[in-house]
Amino acid sequence: MGQVREATPEDVPAILDLIHQLAVYELEPDAVQNTPEMLHDHLFGDTPRVFCHVVDDVVDGTPQVVGMAIWFETYSTWEGVHGIWLEDLFVIPAMRGRRHGKRLLLHLADIAVERGYSRYEWTVLDWNTPSIEFYESLGAVPMSEWTTYRLEGARLHAATQR
């Protein structure tokens, strides 16, 4: 147990449950609109553009998915190579401290290096001190000169009308 593996279609319910748990952790419990069908299509459809790795462990005597890393490829126009954007990393609270998060993070770093990618990036909420300290312990640094912007929902649609 504790080995990172590529997610399979059978993992979709567990992954969606982890997504919901992450939303609760990030104080957005009602924000998830994803469905099992949508997630299955995005991860395992004809042209997947998002990927997921999971880690299993035994909980109450039963093996189950206890952590996930959902990611997709990026592209650097300056460097001319791809990178990895880690969209979500989550390990259930009862399984933290067992190196599952570190295994997931470093597995994606291995993928980036093996493929010759130049970057591996993600965001973290300013108040999430335990995660920030964890990322910095691995050598990650904040990109202090960059600010993330987002167009979504009604504002996204309004922008198309200009």
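Which residue is the bridge partner of Glu73 in strand 4? That partner is Ile84, and the pair belongs to a predicted model whose strands line up in one open, mixed sheet. Here's a quick tour, starting with the ground rules.

**How to read this**
- Because the model is predicted, local features need pLDDT of at least 70 and side-chain atom pairs count only at pLDDT 80 or more, while totals for chains, interfaces and linings use all residues.
- Residue numbers start from 1 along each chain as its sequence is written, and side-chain values use heavy atoms, with hydrogens and water left out.

**The sheet**
- You'll find 5 strands in the order 1-2-3-4-5, forming an open sheet with mixed pairing (two strands pair if DSSP finds at least two bridges between them; strands are DSSP runs of E, at least two residues, and helices are runs of H or I, at least four residues, both numbered from the N terminus).
- Strand 1 (4-6) and strand 5 (119-121) sit at the edges, each pairing on one side only.
- On average, neighbouring strands of this sheet are turned by 30° against each other, direction ignored (axes are lines fitted to C-alpha atoms, for helices over the stretch in contact, and angles run from 0 to 180 degrees between N-to-C directions).

**Strands 3 and 4**
- Strand 3 (residues 62-76) and strand 4 (residues 81-91) run antiparallel to each other, with 10 bridges between them.
- Besides Glu73 with Ile84, there is Ala69, which stands opposite Leu89 in strand 4.
- The hairpin of these two strands has 4 residues between them, and Gly80 takes a positive phi near 75° there.

**Strands 4 and 5**
- Strand 4 pairs with strand 5 in the parallel sense over 3 bridges, and Gly83 faces Arg119 of strand 5.
- To get from strand 4 to strand 5, the chain goes through helix 3 in a right-handed β-α-β crossover (with the strands pointing away from the viewer, the path from the first strand over the helix to the second runs clockwise).

**Helix 1 on the sheet**
- Helix 1 (residues 12-25) lies across strand 2 (51-59), strand 3 and strand 4, at about 80° to strand 3; contact means heavy atoms within 4.5 Å.

- Most residues other than glycine have a negative phi.
- Leu27 has a phi near 65° and sits in the loop between helix 1 and helix 2 (36-44); Leu27 is exposed, at 62% relative accessible area (buried is under 20%, exposed over 50%, partly exposed in between, with a 1.4 Å probe and protein chains only).
- Arg99 has a phi near 75°, in the loop between strand 4 and helix 3 (100-114), and is exposed with a relative accessible area of 51%.
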